[in-house]
Structures are given as structure tokens and as C-alpha cells.
Amino acid sequence: MGPSLLLCCHDSTTCAQAIKNWEAKHEASAEEAVEVVLCFQNPPIVKLDSKVLGSLKKCKKLSLSTNMIDRMISLAGMNELRILSLGRNNIKKIEKLEDVASSLQQLWITYNQISSLDGLACLTNLTTLFCGHNQIKSFSELDKLKANEQLRDVLFVGNPMYSEVATKEEARIEILRHLPNLKKIDGGFVKPSEIEAAAQQTNTD
């Protein structure tokens, strides 16, 4: 019984199998699709496949959330990709986004195990970063996003860094101190009073 249980734990769906399932369900070619949803595979996807995903040349939104993916890979060939959804996986590091650096506008990566915001500076057109419920421990990590000049909408709630402040309102001000061009934080629009408070705190430091 022990070996069979162990085998069951290691069962997984490959990217190729997931795409075949998607094509059968939609009666369409994934290579021609603008949006491909490979979420919640049973058994889950554990390893991504650059060659298979690279065939999705017309894909603008790729959804891979709610699997057991352990690491990001090169997405060479996905030159049209605008939105990448990787929420609810086991990813520890943001990496290998260089091949979609000019096209990717939104990265959804909540509920993972990310502790650093390295790996995002190459995304020159990134407007949206959903990175809540990860392992970011300090607001100083946000300074790494200053290179992302188009960034306007972020979600960080649920990270350990929120323990540095007493309230969510204070967290919003702290985020604005590091990223003053934001328009939305944690789902709420930035208020003029928050911009002013962040600027005042920055000036008094």
C-alpha cells in the first residue's frame, strides 16, 4: 500500500496533456487560441514545458493557476502574451520572463512562496502585479519595482511585510512611498489624501 500511495502523490499532468484536454473540450487548436486556460488540472501540472508552451504563439492570456507548478520557465515563442496567471502554485522565485519582456502587461502570482521581487525589471510594459499571499517580508523589496515605470495596479495583501505596520491603511501609504505612481493597491483606488500622506512621510525621512 505504501508504494502505491507514493506513486499516486507523484502523478501529474504534463503541459502537452493539458493542452490536448483543452483542445478536446473546446474543439479548437491551442496554437490558434488567444486565451488558453490550463487551471486546476487533475492530477495537477508540476513541471512547465518551454517547447509545448512556446507553440502557443497567438496566446495573449495564459492561465495556469491552481496546479503544483514549482518553477517558472522560459516562454520563448509566446510573443503575444499579455497576461500570465500563475496563482495558487508552489513557485518560489520570479524568473525567466525575458522572452515576454516587451509584451507582458499583467502577472498574477498570488498564493505562492515568493520572497523576492527580483526578476521583474525586464518587464517594460508591466501594468499589473498581483503578488498577494506570498513570503515578501519587507516593504523595501518594492524598490525593485521602480524599473517598471508603467506599473499602476498591485496586490500585496497577505505578505509578512504587512506585520511592519498596524493597519492596512498604513500599508497602503508605505507602498505608495516606494511606488508613488500607483493607481490601485490591494483592489482599492489610490486616494489623493494617501498620495499626500506618502509624500509627507517621504519628505520627513
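Predicted model: local features only at pLDDT ≥ 70, side-chain atom pairs only at ≥ 80, totals over all residues.
Good morning. Leu48, Leu53, Leu62, Leu64, Met72, Ile73, Leu75, Leu84, Leu86 and Leu97 line the largest cavity of this protein. By cavity I mean a set of points, on a 1 Å grid over the protein atoms alone, where a 1.4 Å probe fits but cannot get out; lining residues have an atom within 4 Å of a point.

Residues are numbered from 1 along each chain as its sequence is written, and side-chain values use heavy atoms, without hydrogens or water.

How many cavities of 30 Å³ or more does a search of the whole structure find? The search finds 1. The volume of the largest cavity is about 50 Å³, counted as the space filled by probe spheres set on the grid points, which are joined across faces, edges and corners. Its lining divides into 10 nonpolar residues, with no polar and no charged ones; Ala, Val, Leu, Ile, Met, Phe, Trp, Tyr, Cys and Pro count as nonpolar, Asp, Glu, Lys and Arg as charged, and the others, Gly among them, as polar.

Let me turn to the overall fold. The protein chain has 5 helices and 8 strands, taken as DSSP runs numbered from the N terminus (helices H or I, at least four residues; strands E, at least two). Along the sequence, the pattern is α-α-β-α-β-β-β-β-β-α-β-β-α.

The 8 strands form an open sheet of mixed pairing, in the order β1-β2-β3-β4-β5-β6-β7-β8. Because β1 (35-37) and β8 stand at the edges with a single partner strand each, one side of each is left without a neighbour in the sheet. Two strands pair if DSSP finds at least two bridges between them. Strands β6 and β7 run parallel and are joined by 2 bridges, and Asp153 stands opposite Lys184 in β7.

Finally, helix α4. Which residues of α4 (residues 168-178) are buried? They are Ala171, Arg172, Ile173, Glu174, Ile175, Leu176 and His178, where buried means under 20% relative accessible area with a 1.4 Å probe, protein chains only. Their cover includes β6 (153-155), β7 (184-185), β8 (188-189) and α5 (192-204). Across the protein chain, buried residues make up 41% of the 205 residues.

Methods
Buried < 20%, exposed > 50% of the residue type's maximum accessible area, 1.4 Å probe, protein only. Contact = heavy atoms within 4.5 Å. 1 Å grid on protein atoms, 1.4 Å probe; cavity = no way out; pocket = protein on both sides within 12 Å on 5 of 7 lines; lining within 4 Å.
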